[in-house]
Amino acid sequence: MSTLSNKQQWLVGAALLVAMLLTRSHIVNHIQDASWAIFFLVGAYLRPLWAYPVFWLAAFAIDYSVISNGSVSNYCFTPAYGFTFIAYAALWASGRWFAKQSPTSPWQKLSVLGTAVISGTLLSFVISNLGFYAFAGYFSQMPALHYAQSVVHYFPNYLATTVFYVAIAAFIQIAMQYSPVRKTI
């Protein structure tokens, strides 16, 4: 993903925060949460290192808000929640890694993007589930293998949702690259 000017990074950051608010808070019902893709895209598009903790704090604030007003269950809001910082960092880091690559052909770029999204999503899924298993306080009697078998079937949906939103961002970037509007931003 290309290098953006400071102004463009602020615009992208604002758009990503709005997308997180709309999808994570369930303001717009029946839309999958885009947070995992957003953390990947924050790593890919936004250069300042402080962007990651700002987005994590935004995610926390949204979660706290929807849990406090009773619109979402507090089941996942346990001591394990702290692992989301590490899990989302895996997505952010894979986005940063992708941004530093310089493949020459579109197919190579797509391959590198796929590798980054899949590995970041897988690592995030593993970290978040290990943290939840170990620190949520719900699974003291459940063997780790049984827990892993009970959650592994969720991974394809996490991956599909992340890929879907990253693909939307890639299409928007391609459209902007060939748009006369780009010259004014």
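**View 1. Helix H5 passes helix H7 in a right-handed crossing**. In this predicted model, local features need pLDDT of at least 70, side-chain atom pairs count only at pLDDT 80 or more, and totals for chains, interfaces and linings use all residues. Residues are numbered from 1 along each chain as its sequence is written, and side-chain values use heavy atoms, without hydrogens and water. The axes of H5 (residues 106-135) and H7 (residues 155-177) come within 10 Å and cross at roughly 140° (lines fitted to C-alpha atoms over the stretch in contact; angles from 0 to 180 degrees between N-to-C directions). Right-handed means that the near helix is turned clockwise from the far one by less than a right angle. Helices are DSSP runs (H or I) of at least four residues, numbered from the N terminus.

**View 2. Residues of H5 meet residues of H7**. From H5 come Leu113, Val117, Ile118, Thr121, Leu122 and Phe125; from H7, Phe155, Tyr158, Leu159, Thr162, Val163 and Val166 (contact: heavy atoms within 4.5 Å). The residues of this contact divide into 10 nonpolar, 2 polar and no charged (nonpolar: Ala, Val, Leu, Ile, Met, Phe, Trp, Tyr, Cys and Pro; charged: Asp, Glu, Lys and Arg; polar: the others, Gly among them).

**View 3. Helix H4 packs with H5 at an angle of about 170°**. Their axes are 8 Å apart, and the angle makes H4 roughly antiparallel to H5. H4 contributes residues including Phe83, Tyr88 and Trp97, and H5 contributes residues including Lys109, Gly120 and Phe135. By class, this contact has 14 nonpolar, 6 polar and 1 charged residues.

Note on methods:
Helices (H or I, at least four residues) and strands (E, at least two) are DSSP runs, numbered from the N terminus. Angles under 35 degrees count as roughly parallel, over 145 as roughly antiparallel, 65 to 115 as roughly perpendicular and the rest as oblique.
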